[in-house]
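Dear colleague,

I am handing over the structure below, together with some notes on what was found in it. Please read them with the model open beside you.

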Amino acid sequence: MNSAPRNASRQIRQDRAGSDTHARDRYPDALRAGALLVVVFGHWIATLPRLENGLMTTTDHLLLVWTGAGVLTWVLQVVPLFVFVSATVSADGAQRRLEQGHRQLHWWAGRALGLARPTVTYLAVLVAFVILAAYTGGRLLGPLNHSLTVHLWFLMMLLGVQALLPLSVWADRRWGLKAVAGLLLIAATVDVLRAGLAAPADLLELGTRVTGNGGGIGWLNAAVVWLLPQQLGIAWKRGRFSGLGTGLALLLLGLLWLAAAVASGYPVAMVDGAFGAPSNLLPPTLALVGVMWVQVGAVLACEGPVRRLLERRRVDRVVTILGALGMPLYLWHKLAELPAAWLGERLGLPIDAGIPGEVGFWLGRLWWILLCIVSVAPVMVAVVTFEMSRKRDVVSATGTPAIVAGGAALLGGIIVSLALGALPGAIVGLAGVAAASWLLRAHPQPARGSWPPPSRQEP
């Protein structure tokens, strides 16, 4: 790699970091907002309502009816990008905490509390829908039961990865890009052991053997594979790689990586269409690393043009708004499918458009997405109004037992909601997440202005 662009980029990043109090870097904000929007629209596109006599009776997943859609997930699976960018934003704060001897656990408690509070609201609304459905024979809840909670897995993964942020910062400080190489080697070793290879020639069938052998040791990659983009994001923040040339090289590497992975038998899709089928996600596999290379390469390749675009005031304002609404939209966008299905039925719209290749399929997708947008708009207004009215700057707990117990309750509540869906998962999950929201906050709360919350001090 050319050292001059790398050194120039490092100086720019140092200058930018030194002026954080005066100007916020909007490029990471734009990337995170864009990633969340891709996920939202990807989820809506993938949900296929199935109607009988004009009424929705079940749903399909796009990946189950169109195998070619798997290639689309190379773009739509943006979790590596979100983790990469989040690490970039949080790296300096984590470094300061390490140098000043502040407790990472306290910072993590603030992050966990910040996710627990809106999740309590979401699950409480789901419980209200469940109760209403029980008394009214709510037909639409059944087909969308698991769809209403499946997206919560992202919160669980993000909290787990961020808990290890100081370790990632320390590893970058000590080993630089060698830390990325080390994680990559561990991920590859896990997949090789999971595959149970007997001879070097078996590498040609690595993907088939990995995804055909169940989880087992492969669950170690549930941490390692998601730590890779975090480690790479910190390295990018430190200026260890940069530039258009590097971006294009990573893009090419990612495409070749994905092609080789698919050729060896890994599934084409980077998200799951059905539980129990061969998967790159449960647990994560080496194939997902190819998506990371593609996305990081795109970040580097597009940095110059996007930064120039962000200099326009209107664009910057849009990014600010999307950044503020991004996580609430992610949390609530699946709920919009309930009123969207109801509207589609009542208006007689072609939301069941058959299968890809049939006349009207994509027109039906457009109608479905439009209904979801129309449905989510009032939901977002209500959510933002509620969140603005509730107490802000809640100080997180400092005691280790409370933080550990709160973290366990939060993760347990999310896992139950994931496994059991809205009914009965949301009911049980609400109890766990509500307990976490109480445990993860300081009791009593300090007087306003006497103790600024850590989440307000650092990114």
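The buried residues of H7, which itself spans residues 153–163, are Phe154, Leu155, Met157, Leu158, Leu159, Val161 and Gln162. Please keep in mind throughout that this is a predicted model.

Leaving aside residues up to four places away in sequence, Gln95 touches Val169, Arg173 and Arg238.

As for the chain in general, it has 18 helices and two strands. Its radius of gyration is 23 Å, close to the 23 Å that the globule rule gives for 459 residues, so the chain is as compact as a globular protein of that length. Taken along the principal axes, the box that the C-alpha atoms fill is roughly 65 × 65 × 45 Å. Of the 459 residues, 48% count as buried, and among the contacts with a separation of 6 or more, 82% are between residues 24 or more positions apart.

The largest nonpolar core has 115 residues, and within it Leu148 and Phe241 are those with the most contacts. Helix H6 (residues 104–136) supplies the largest share of this core, with 14 residues. Another core lies apart from it and has eight residues, including Ala46, Leu48, Leu62 and Ala353.

Finally, I would point you to a helix pair, and ask how the axes of helix H2 (residues 26–46) and helix H13 (residues 287–310) cross. They come within 10 Å of each other and cross at roughly 110 degrees; because angles of 65 to 115 degrees count as roughly perpendicular, H2 and H13 are roughly perpendicular to each other. On the H2 side the contact involves Arg26, Tyr27, Ala30 and Leu31, which meet Val299, Cys302, Glu303, Val306, Arg307 and Leu310 in H13. The residues of this contact divide into seven nonpolar and three charged, with no polar ones.

With kind regards

Note on methods
Residues are numbered from 1 along each chain as its sequence is written. This is a predicted model: local features need pLDDT of at least 70, side-chain atom pairs count only at pLDDT 80 or more; totals for chains, interfaces and linings use all residues. Side-chain values use heavy atoms; hydrogens and water are left out. Axes are lines fitted to C-alpha atoms, for helices over the stretch in contact, and angles run from 0 to 180 degrees between N-to-C directions. Helices (H or I, at least four residues) and strands (E, at least two) are DSSP runs, numbered from the N terminus. Angles under 35 degrees count as roughly parallel, over 145 as roughly antiparallel, 65 to 115 as roughly perpendicular and the rest as oblique. Contact means heavy atoms within 4.5 Å. Ala, Val, Leu, Ile, Met, Phe, Trp, Tyr, Cys and Pro count as nonpolar, Asp, Glu, Lys and Arg as charged, and the others, Gly among them, as polar. A nonpolar core is a set of buried Ala, Val, Leu, Ile, Met, Phe, Trp, Tyr and Cys residues joined through side-chain atoms within 4.5 Å. Buried means under 20% relative accessible area, exposed over 50%, partly exposed in between (1.4 Å probe, protein chains only). The radius of gyration is taken over C-alpha atoms; the globule rule is 2.2 Å times the number of residues to the power 0.38.
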